[in-house]
Amino acid sequence: MKINANYLNLKQSYLFAHIAKKVAEFSAANPDAKIIKMGIGDVTRPLCSEVVSGLIEASEQMGKAETFKGYGPEQGYDFLKQSIADYYAGNGVQLELDEVFISDGAKSDLGNILDLFDADNTVLIPDPVYPVYVDTNIMAGRKVLFMNANESNGFLPLPDESVKADIIYICSPNNPTGAVYGKDALKKWVDYALKNAAVILFDSAYESFVTDAELPRSIYQIEGAKKCAIEFCSFSKTAGFTGTRCGYTIVPNALVSGEVSLNKLWLRRQTTKFNGVPYVVQYAAAKVFTKEGKAQINENLAYYRENAKIITDTLDKLGIWYTGGKHSPYVWLKCPNGMSSWEFFDFLLEKGNIVGTPGEGFGQNGEGFFRLTAFSTKENTLEAMERLTKILG
Ligand code: PLP
């Protein structure tokens with residue numbers, strides 16, 4: 001046998017392991033230090049009670065012969081697809097139920113979707129970026145080009161007509177930068193994709209953090225997007241499903257390559273390689289869209305938003321440049337006093353006992369920047385920002 005040698009081209013994913021090692025060494029040397037972690041991209045608020053009741057109800061149904069469910073439709077139950085379609089309709093986007101595919105989270109489908117595309121395609125990925133986009137393409141041996149996200153474009157790069165790409169990744173609101181594309185900027189990407197017969201893989205995992213009605217939550221709010229974009233979304237950050245696992249992918253019927261429907265290819269791929277998300281999880285996910293469910297998840301989202309505001313207010317006071325924090329749980333700041341990402345990491349850990357994520361870990365353009373997240377507790381966020389003010393003030 002021969003292995004897929006492309007795996008050997010992957011860079012060691014050392015970022016979070018390296019952070020953990022540095023924190024462990026610091027804790028061992030300073031056992032009394034109260035370390036505040038603001039580097040994690042995982043949620044901390046528990047599942048809301050409406051979702052928990054849904055998990056219990058569905059489990060009880062599974063224990064009775066009359067309501068027991070075996071294999072379900074690979075692409076998800078209609079009740080959840082309908083709730084998602086209704087949610088999109090609220091944002092002015094009409095979806096057919098067969099355009100919605102339920103997944104066990106955005107990460108799996110972001111990787112799996114590449115089954116539909118030839119290895120020869122050229123891929124365009126922003127730098128800095130959520131590392132999954134790069135690594136899944138390296139595994140498939142695809143050529144990756146990077147678009148420069150930087151301070152001068154507010155970490156929201158626009159298409160460069162001289163670059164020819166077939167597969168384009170856009171994540172908005174963005175991880176790690178928290179930057180959000182406006183409708184006009186997104187329209188430029190849609191126009192570029194249509195002109196170049198390219199596909200946009202649009203990651204909207206953080207759409208629920210958008211509060212400004214003028215900012216797009218879905219790429220399908222942009223005219224023409226159904227002909228060129230696939231959208232990936234998730235209940236992970238919206239409703240605390242990081243450990244429960246549920247998401248969805250939209251493949252519009254209007255998206256074709258020549259005569260071939262990508263929706264039909266994806267259906268074929270899913271029905272062949274996937275047996276669906278557990279009924280219990282889908283039932284609970286549908287509860288997110290009930291009146292009570294919406295109110296409850298909004299409380300959690302408001303909690304994170306308040307943390308983000310505590311962080312951005314502090315940075316404003318300190319005169320530190322940043323993106324994000326307004327429609328995103330991530331705040332992406334420029335390291336003060338010209339420090340590199342890792343210098344600032346060490347400085348924060350040693351002087352403030354605060355842990356964040358060095359921007360350099362998300363790509364070359366992240367050097368000199370740093371990610372803080374709003375997923376900590378309010379008490380810890382307040383204390384961390386007091387410490388930051390003290391050490392930088
Ligand atoms: N997309 C982005 C940009 C993310 O940051 C994450 C998780 O952190 C995911 C997708 C993965 O989400 P899921 O938990 O649905 O797999």
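**Group meeting: salt bridges, ligand and cysteines**

At 35% relative accessibility, D191 counts as partly exposed; that class lies between buried, under 20% relative accessible area, and exposed, over 50%, with a 1.4 Å probe and protein chains only. This is a predicted model, where local features need pLDDT of at least 70, side-chain atom pairs count only at pLDDT 80 or more, and totals for chains, interfaces and linings use all residues. Residues are numbered from 1 along each chain as its sequence is written, and side-chain values use heavy atoms, with hydrogens and water left out.

Back to D191. Its side chain meets that of K187 in a salt bridge, 2.6 Å from N to O. The term means a side-chain nitrogen of Lys or Arg within 4 Å of a carboxyl oxygen of Asp or Glu. D191 and K187 are four residues apart in helix α6 (residues 183-196), so about one helical turn separates them. Helices (H or I, at least four residues) and strands (E, at least two) are DSSP runs, numbered from the N terminus. K187 is partly exposed too, at 29%.

The structure holds 14 salt bridges. Take K34 and E383, at 3.2 Å, N to O. K34 sits in the loop between α1 and β1 (36-37), and E383 in helix α12 (residues 378-392), so this pair ties together parts 349 residues apart in sequence. K34 is partly exposed at 43%. E383 is partly exposed at 28%.

Next, R269 and D115. Their closest N and O atoms are 3.0 Å apart. Which of the two is buried, R269 or D115? R269 is, with a relative accessible area of 11%. D115 is partly exposed, at 41%.

Now the ligand. Polar contacts here are pairs of N or O atoms within 3.5 Å. A side-chain N or O atom of S234 is 2.6 Å from a ligand oxygen. For a polar side-chain atom of N175, the distance to a ligand oxygen is 2.7 Å. K107 uses a polar backbone atom, at 2.9 Å.

Last, the cysteines. How many disulfides are there? Zero, with a disulfide being a pair of cysteine sulfur atoms within 2.5 Å. The sulfur of C48 is 14 Å from the closest cysteine sulfur, in C246, so that is too far for a bond. C48 is buried at 6%. C335 is buried, at 6%.

How values were computed: A polar contact is a pair of N or O atoms within 3.5 Å; within protein, one must be able to donate a hydrogen and the other to accept it, and residues adjacent in sequence count only if both atoms are side-chain atoms.
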